[in-house]
Amino acid sequence: MRTAQESGRLARPIPVSTFPFVTTIEVEDASAGPEEPSPCLPTAAALFFELRPASRGRVVVDLAGSTPVDPLVRLYRRVGSHPATLVFLGCASPVWNAQLALTVDVEAGDTLLAQIGTSESHDGRLVARVELLRST
């Protein structure tokens, strides 16, 4: 279980540098903080993951297998460090665009933030799979 002061919040995202990456999130343990961004849909619950691909390609975040009816993923590119700027890259949710997966192009050394959660649900289980499809 995580609290707002622990990792998984916008200020302390969970680091991911090895792909594929799979995690399960208990929605009731991932309440969204009031300072967290909510483009495309409101946020009831969410955790942040910092994705650092080592090579150029396409990052895919897939929420297939999640039990809430309103899972969502948002991706941001972090530019700079202190203070960092977040550039919104997109949103996927069955409620927003009838999608369970979001794909974005990345370069080696990019830092992405994946905000994985729900728009209204406060219980259930999210299954998140993150892959890096390398460019040929």
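Q: Let's start with Ala64: buried, partly exposed or exposed?
A: Partly exposed, because its relative accessibility is 29%, which falls between the 20% and 50% cut-offs. Bear in mind that this is a predicted model.

Q: Where does Ala64 lie?
A: Ala64 is in the loop that runs between β4 (57-62) and β5 (71-79).

Q: And what does Ala64 touch, leaving out residues up to four places away in sequence?
A: Leu100, Val127 and Arg129.

Q: Switching to the sheets. What is the strand order in the open sheet of four strands?
A: The order is β2-β9-β4-β7, and the pairing is antiparallel.

Q: Which strands stand at its edges?
A: β2 (21-26) and β7 (101-106). Each has a single partner strand, so one side of each has no neighbour in the sheet. The twist in this sheet averages 15 degrees from one strand to the next.

Q: How many bridges join β2 to β9?
A: Six, with β9 covering residues 125-134 and the two strands running antiparallel.

Q: How many bridges join β4 to β9?
A: Six, and that pair also runs antiparallel. In this pairing Arg58 stands opposite Leu133 of β9.

Q: What about the open sheet of five strands: what is the order there?
A: β1-β3-β8-β5-β6, with mixed pairing. β1 and β6 (85-92) are the edge strands, each pairing on one side only. Here the twist averages 25 degrees from one strand to the next.

Q: How do β5 and β6 run, and how many bridges join them?
A: They run antiparallel, joined by seven bridges. Leu75 stands opposite Gly90 in β6.

Q: Now Gln115. Which strand is it in?
A: β8, residues 112-118.

Q: Is Gln115 buried or exposed?
A: Buried: Gln115 has a relative accessible area of 0%, and the cut-off for buried is under 20%.

Q: Then what does the side chain of Gln115 make a polar contact with?
A: The side chain of Tyr76, at 2.7 Å. The Gln115 side chain also reaches the backbone oxygen of Pro37, at 3.0 Å.

Q: What else does Gln115 touch?
A: Setting aside residues up to four places away in sequence, the list includes Glu36, Thr43, Ala46, Leu47 and Phe48. Leu72, Val73 and Arg74 are also among its contacts.

Q: Last topic, the largest nonpolar core. How many residues does it have?
A: It has 27 residues. Those with the most contacts inside it are Phe49, Leu51, Val59, Val61 and Ile116.

Q: Which strands each supply at least two residues of this core?
A: β1 (14-16), β2, β3 (45-51), β4, β5, β7, β8 and β9.

Q: Take Val59, then. What does it touch beyond residues up to four places away in sequence?
A: Val59 touches Leu51, Pro53, Leu102, Thr103, Val104, Val106, Leu112, Val130, Glu131 and Leu132. One of these, Leu51, is also named with Val59 among the core residues with the most contacts.

Definitions and conventions:
Residues numbered from 1 in each chain as written. Predicted model: local features only at pLDDT ≥ 70, side-chain atom pairs only at ≥ 80, totals over all residues. Heavy atoms only, no water. Pairing = 2+ DSSP bridges. Axes fitted to C-alpha atoms, helices over the stretch in contact; angles between N-to-C directions. Buried < 20%, exposed > 50% of the residue type's maximum accessible area, 1.4 Å probe, protein only. Contact = heavy atoms within 4.5 Å. Polar contact = N/O pair within 3.5 Å; in protein donor to acceptor, adjacent residues only side chain to side chain. Core = buried A, V, L, I, M, F, W, Y, C linked by side-chain atoms within 4.5 Å.
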